[in-house]
Structures are given as structure tokens and as C-alpha cells.
Amino acid sequence: MDLALKDIRRHLGKFFATIAGVGMLLAIVLVMNGIYRGNIFDGIWLIENTAADLWVVEQGRGGPFNESSRMPADAHKSVAAAPGVARASPFIAYAAQRDVAGASQQFTIIGYDIFGGLGGPGRLVAGRLIEAAHWEVVADARLGIALGEHLKLGARDYTIVGLTRGAVDPAGNPVIYLSLPDAQEVLYEQDSHALVAARAANLKRLDRAGYSSNEAERILPLLAGSTATVNAVLVQISAGNDVQAVKAHIERWLHFSAYTAAAERDLMLEGRLKKMSAVLGLFRSLLVAVSIVIIALIVYVLTIEKIRSIATLKLIGAPNHVIVRMILEQSLALTLGSFAVAYALMSLARDRFPRTLVLLPEEVAVTFAVMLAGSVLASLTAIWHALRAPPALALGG
């Protein structure tokens with residue numbers, strides 16, 4: 001006779017309710033694991049999915065993602081002329097917030113050279129890449145827009161010609177891709193009222209400086225801010241050339257800062273992502289510890305509740321191994337059932353979660369092993385108390 005199975009059948013509702021409760025708790029643990037890894041995955045997605053050997057930015061800057069970087073629009077030409085450079089492409093990346101698909105959404109705009117340049121979208125799930133120099137866009141499907149729809153950016157409507165999936169910025173927001181001129185236009189476009197006010201202010205300054213109205217009109221365009229800038233230059237190194245040597249040449253002679261893909265990744269991990277990863281890691285550890293304690297208490301209490309039944313078994317001569325087996329089987333059934341419920345809940349929420357959830361198989365296995373170890377330890381403690389229970393308890397003594 002399997003006493004553990006008999007007892008579970010006797011208290012079936014209570015057993016399943018306990019599994020459901022513990023399962024939801026463990027689902028939160030798994031989701032927190034996924035958020036922790038997903039934060040890192042999102043943070044370096046653009047770096048790892050851009051086929052660049054070097055990221056060249058403004059001198060002394062940790063850009064283009066950790067810190068603002070501005071370079072002349074034609075900086076890629078001088079970089080392309082450096083020894084060992086196979087290809088150099090201008091690149092723009094900046095955050096934006098617009099009304100998209102009936103809701104205000106935040107996303108990152110990527111501007112790149114659509115005619116063979118680096119930094120464009122990778123694998124598309126629908127549509128095609130940008131082919132026209134203006135007013136076409138490739139967007140991530142998470143924005144909730146479909147092929148052929150129009151996205152209003154500034155004063156213009158852009159047609160969605162392609163869709164990606166999983167293209168995110170370091171904050172986990174979806175990415176859209178524009179041609180470089182379009183991205184520059186959207187970035188530097190000003191409201192007409194702001195332009196009129198800026199023009200009037202500049203005319204007053206020139207008038208106070210003694211310029212005539214005709215001279216002021218000729219000088220006025222020179223006072224306007226330049227929009228011919230980019231955030232970075234992406235570089236591919238020719239085969240057989242040393243990346244570090246090309247990097248040193250660019251930094252010494254062109255007076256830019258250059259980072260390898262690995263260095264750019266480290267900048268992100270040790271900069272923008274560091275504190276968030278530390279906070280998420282702390283909460284993950286605390287949640288695991290609390291979960292272990294709760295599971296241990298549940299297993300212990302469930303066993304102690306059966307102390308009179310265990311005393312009865314001892315009174316009728318049941319050997320200790322029968323009692324030990326019953327308690328361990330129930331503990332394992334509770335842990336296994338709860339973890340199965342947790343994994344099912346996490347799988348259902350994974351695609352609907354607002355941030356990317358990344359679950360590594362080894363981390364899932366470690367989490368399960370830790371929870372199982374806590375459950376077994378609680379069972380052993382409960383067994384020790386149960387075996388010390390005097391048979392007289394069965395008689396109410």
C-alpha cells in the first residue's frame with residue numbers, strides 16, 4: 001500500500017490548492033530569472049546584431065548608447081580611408097515617442113545608409129528592406145503596425161515596407177529603421193512656431209551687432225544649427241588585418257574614439273546596465289530565498305499536521321522507513337507538481353510579457369535543484385520530529 005498516495009487522495013483538494021499556490025510563487029521566481037537575463041539580452045541586442053567590428057564615436061565619449069556622441073556626417077569617409085578598413089557606414093540612434101497604433105509608444109529610431117551600409121535590420125519576418133531614399137520604414141512587429149500602414153513622424157507619413165521581430169533597444173523598446181537622411185530630418189525637425197521664434201531672435205542679435213537688414217538675411221542661414229551629424233561610424237575590417245591596429249590608427253590620426261564589438265558590449269554591461277542588473281539580481285536572490293523558506297514551511301506544516309496519524313502507524317507497528325517514504329513522496333510530489341505549474345504559467349506569460357524573458361536551461365535546472373533541496377531538507381526536519389512522536393499521541397495522550 002502506498003500511504004503517500006492514499007493520503008493525497010484523501011486530501012485531494014487541499015493538495016492541489018497547495019500545488020497551485022506554490023506553483024504561482026515559483027512562476028514569479030522563473031519570471032524574475034527571465035527578467036534578469038532579458039535585461040542583459042535587450043541591452044546588448046543592437047550591438048550583437050550589428051555586423052560591425054569597430055564602433056567609432058566622438059572622441060572621449062562612451063557612445064553611442066551609453067553617452068551622446070556627435071560626429072560630422074562625412075566622418076565615415078575619412079574612417080573608410082584608414083588602412084585595413086573594408087567598409088565604414090554612418091549610423092544614428094535615438095529614442096522617440098509617438099502615437100502608434102492608437103497608443104503612445106516609445107521606440108528607438110535607427111538611421112543608416114540603406115545603399116549597402118551597416119546597421120540596418122537583420123532577418124525580416126515580413127515585407128522587404130528599405131529601397132527608396134525617403135519615406136520608407138522597417139519596424140518591429142511589437143509596435144503593432146502592419147505592412148502597408150503609415151507611421152507619422154514629424155510632418156511626414158512613412159510607409160511600413162518591412163517587419164522585424166525581437167529588434168529592441170537597450171531599454172527593451174522596439175526599433176524602427178529609416179534611411180539616414182530621413183532619420184536626420186526627424187531628429188532635427190523643429191516646430192514651425194519654434195523656427196519663427198528662433199529666426200526673430202537671431203535677427204535681433206544681428207541688428208544689435210550693427211548689421212543691416214539685407215546683411216542679416218544673408219548671414220541668418222549661417223546661425224542655424226547644423227543637422228549634418230551622425231552618432232557613430234560602423235566599421236568592418238578587411239580580412240587579414242588586426243582590429244586593434246586599425247583602432248589605434250583611427251584614434252591617433254582621426255581623433256575619434258573607437259571600440260571593438262566586445263568593448264562596446266562591456267561598456268553597456270558595466271555602464272547603463274550595471275545598476276539595473278545589480279537590482280534585478282538582488283531581487284532574484286531574495287525571491288529565491290523567500291520561496292525556499294515558504295516551501296520548507298509548507299512541507300513541514302503538512303507533515304506536522306499528520307503527527308497523530310504517524311503516531312497511529314507507529315502504534316500498530318509500522319516500520320520507520322514506511323513513514324519516511326510517505327513524507328518524502330508527498331514532498332517530492334508537491335515540489336514536482338508546483339514546478340510544473342510554474343513552468344506552464346511562465347510559458348503562457350512569456351510572449352505577452354512587456355519585456356523580453358530569457359530562460360537559460362541551466363538556470364531553470366539550478367532553480368529546480370535549489371527548490372528541491374529546500375523541500376527535502378524540510379522533509380528531513382519534519383521526519384525527525386515525526387519519528388520522535390510518542391505512540392501515545394494516537395490515543396490522545
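Mentor: Ser375 counts as buried because its relative accessibility is 0%, where buried means under 20% relative accessible area, exposed over 50% and partly exposed in between, with a 1.4 Å probe and protein chains only. The model is a predicted one, in which local features need pLDDT of at least 70 and side-chain atom pairs count only at pLDDT 80 or more, while totals for chains, interfaces and linings use all residues. Residues are numbered from 1 along each chain as its sequence is written, and side-chain values use heavy atoms, with hydrogens and water left out.

Ser375 sits in helix α13, which covers residues 361–387; helices (H or I, at least four residues) and strands (E, at least two) are DSSP runs numbered from the N terminus. Setting aside neighbours within four places in sequence, Ser375 is in contact with Ile295, Val299, Ser331 and Thr335, contact meaning heavy atoms within 4.5 Å. With Thr335, the side chain of Ser375 also makes a polar contact of 2.9 Å, that is, a pair of N or O atoms within 3.5 Å, of which, within protein, one must be able to donate a hydrogen and the other to accept it, residues adjacent in sequence counting only if both atoms are side-chain atoms.

Another serine, Ser277, belongs to helix α10 (residues 274–304) and is buried, with a relative accessible area of 13%. Leaving out neighbours within four places in sequence, Ser277 is in contact with Tyr36, Asn39 and Ile40. Asn39 and Ser277 are 238 residues apart in sequence, yet 7.2 Å apart in space from C-alpha to C-alpha.

By contrast, Leu345, in helix α12 (residues 320–350), counts as partly exposed because its relative accessibility is 35%.

Among contacts in the chain between residues at least 6 apart in sequence, 75% join residues at least 24 apart. The largest nonpolar core has 53 residues, of which Leu26, Trp55, Phe65, Phe91, Ile110 and Tyr177 touch the most other members; such a core is a set of buried Ala, Val, Leu, Ile, Met, Phe, Trp, Tyr and Cys residues joined through side-chain atoms within 4.5 Å. Helix α2 (residues 12–43) gives the most to this core, with 12 residues. Apart from it lies another core, of 36 residues, including Ala82, Ala96, Val246 and Ile250.
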